[in-house]
Amino acid sequence: MVAESNRAGSNSEAVRQDSLSAADIMSRVFDDLETNRHGFDYALGSSERGQVTRLTEGVARISGLPSVGFEELVRFDNGALAVVLDLDVDDVGAVLLDSDEGLEAGTGVRRTERVMDTLVGDALLGRVVDPAGRALDGRGPVPAGTRREIERQPPAIRDRAAVSRPLQTGIKAIDALVPVGRGQRELIVGDRQTGKSSIAVDTILNQADNEVVCVYCAIGQQVSGEDPVGLRYVAPYAATAMAEYFMDQG
C-alpha cells in the first residue's frame, strides 16, 4: 500500500510538472504574439509595373512606368536588367544589360528604384569581371561587398591633386615619347590586333613593386552576339568607379 501510494504521488508530481511546463510555454507564446501585434505597423506602398512594347537591337521600349528616372535600372520578369536612357511621354527606352533571350512584347517590367551601380573593393583585385561585377574568369563569384554608382559627382578642380609623378610602362619607346602620369586615365585607341592589350598588360605588370592599382577596361569595337550593347556602354563608367574607390581610400 505504501509503495502504491508513493508511486501514485510520483505520477501526480510528474503530471503537475508537465502541466506547468505546458502552461509556461503557452504563456510565452501568447506574450510573443502580443509583442509582435503591438510592434506591427501597417504601411501602404506602390509599385509600378510596365510591359515591353517593342524590342529591337538590344533596346526595349517599355510602357507603364510613368515615374521611372533617367539611368534607373529596371528588371524584367525573367530577371534580366536594363538601364533607362530615353524618357518619352508615352514610353521609355531601356538598353539591355543582359541577353534578350526570353524577352518579347508583353513581358512584364518592374522598377528597381536605383541607378546603375557596380561592385567595388579589394575583392576585385586580380579578377576579371563585367561592368556589373559578375565574374568572367571562371574562379567563382566575387564576394559580395560595397557597390557604388557608376555616375558620381566629380570633385571640383581645386580639390584635385596635381598629376606630378610619371607612370613607367616598361616600354622604352612609350616612356620616352608619351608622358603618362600616375593617377590619370589613359585611353588606348587602335584597330584590332595592333597590340593595345599587350601594352596595357605590360604596363600593369611593370607596376608590380610600385604599389599602383591598375584597372584595365577592354571595350570592343563591334557588337558581338555574346555581349549586350548596354554592358559595352556602361563598361568605362563601371571601370572608373572601381578605380575611384581605391583613389578615395588613399
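Here, "buried" means under 20% relative accessible area, "exposed" means over 50%, and "partly exposed" is anything in between (1.4 Å probe, protein chains only). This is a predicted model, where local features need pLDDT of at least 70 and side-chain atom pairs count only at pLDDT 80 or more, while totals for chains, interfaces and linings use all residues. Residues are numbered from 1 along each chain as its sequence is written, and side-chain values use heavy atoms, with hydrogens and water left out.

Let's start with Ile25, which counts as exposed at 52% relative accessibility. Ile25 sits in helix α1 (residues 2–39); helices are DSSP runs of H or I with at least four residues, strands are E runs of at least two, and numbering goes from the N terminus. Together with Met26, Val29, Phe30 and Leu33, Ile25 makes a nonpolar surface patch of about 490 Å².

On to the charges. A salt bridge here is a side-chain nitrogen of Lys or Arg within 4 Å of a carboxyl oxygen of Asp or Glu, and the count comes to 14. Three of them look like this:

| Pair | Closest N and O atoms |
|---|---|
| Arg49 and Asp77 | 2.9 Å |
| Arg127 and Asp137 | 2.7 Å |
| Asp137 and Arg139 | 3.9 Å |

Arg49 in strand β1 (residues 49–56) and Asp77 in the loop between β3 (72–76) and β4 (81–87) are 28 residues apart, so their pair links distant parts of the chain. Elsewhere, Arg148, Arg152, Glu244 and Asp248 are linked in a salt-bridge network.

Key: Patches are made of residues with over 30% relative accessible area and no salt bridge: like charges are joined within 9 Å, nonpolar side chains (Val, Leu, Ile, Met, Phe, Trp, Tyr) within 5 Å. Accessible areas come from the Shrake-Rupley method with a 1.4 Å probe; for residues, only the protein chains shown count as cover.
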